Amino acid sequence: DAFKNGSGLVKSCADRVDCYLANIEKPENQEKAGQSIGIKAGYMIAIYGNDKTRSDLIDRLGSIENAAVRFVAGEAIDFLSPKGSKDAADALEKIIDKDAKTADKDKIAGDAPLKQVMYRIRARAE
């Protein structure tokens, strides 16, 4: 099913990054049954994306609740930041700090990979 869903996504989106961005945040792709589509969208964002895509993905992190999809989104942000980015690191830090104030254990745990990405891209930017 994961292969079928992933190949369907690639056929429908081709090289259109906006299509993958829309799919990574869809509510049905945050559910366990549809998470393979969200994960595939994250990998395709890394393949076709650029600096603007990285910013767009960071802006959409609030709607990415599935931990596996959120992890892949973090990996895509990391991949799209080969020279680092202070601005992207600052944006991730704001999200992490905001989620920490909610006391929602799932959100806080889902931010662990984002925290690692934040540190890596900040270090690369210096």
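Val17 is buried, with a relative accessible area of 14%. Buried here means under 20% relative accessible area, exposed means over 50%, and partly exposed lies in between, using a 1.4 Å probe and protein chains only. The model is predicted: local features need pLDDT of at least 70, side-chain atom pairs count only at pLDDT 80 or more, and totals for chains, interfaces and linings use all residues. Residues are numbered from 1 along each chain as its sequence is written, and side-chain values use heavy atoms, with hydrogens and water left out.

Val17 sits in helix α2. Helices are DSSP runs of H or I with at least four residues, strands are runs of E with at least two, and both are numbered from the N terminus. Val17 is in contact (heavy atoms within 4.5 Å) with Tyr48, Gly49 and Thr53, leaving aside neighbours within four places in sequence. Ser85 lies 68 residues from Val17 along the chain. The C-alpha atoms of this pair are separated by 20 Å.

Helix α2 spans residues 17-25. Next comes the core. A nonpolar core is a set of buried Ala, Val, Leu, Ile, Met, Phe, Trp, Tyr and Cys residues joined through side-chain atoms within 4.5 Å. The largest one has 30 residues. Ile24, Leu57, Leu61, Ile77 and Leu92 have the most contacts inside it. Two or more core residues come from each of α1 (2-13), α2 (17-25), α3 (35-48), α4 (51-60), α5 (67-79), α6 (86-102) and α8 (112-125).

Ile24 touches Gln30, Gly38, Ala41, Gly42, Ile45, Leu57, Ile64, Val69 and Ala73, not counting residues up to four places away in sequence.

Now the disulfide. A search of the whole structure finds one, defined as a pair of cysteine sulfur atoms within 2.5 Å. Cys13 and Cys19 form it, with sulfur atoms 1.9 Å apart. Both cysteines, Cys13 and Cys19, are buried. The torsion about their S-S bond is about -60 degrees, so the disulfide is left-handed.

Two alanines deserve a look at the backbone. Ala14 lies in the loop between α1 and α2. Phi of Ala14 is near 55 degrees, a positive value in a residue other than glycine. Ala14 is partly exposed, at 35% relative accessible area. Ala103 is in the loop between α6 and α7 (105-110). Phi of Ala103 is near 65 degrees, again positive in a non-glycine residue. Ala103 is exposed, with a relative accessible area of 59%.
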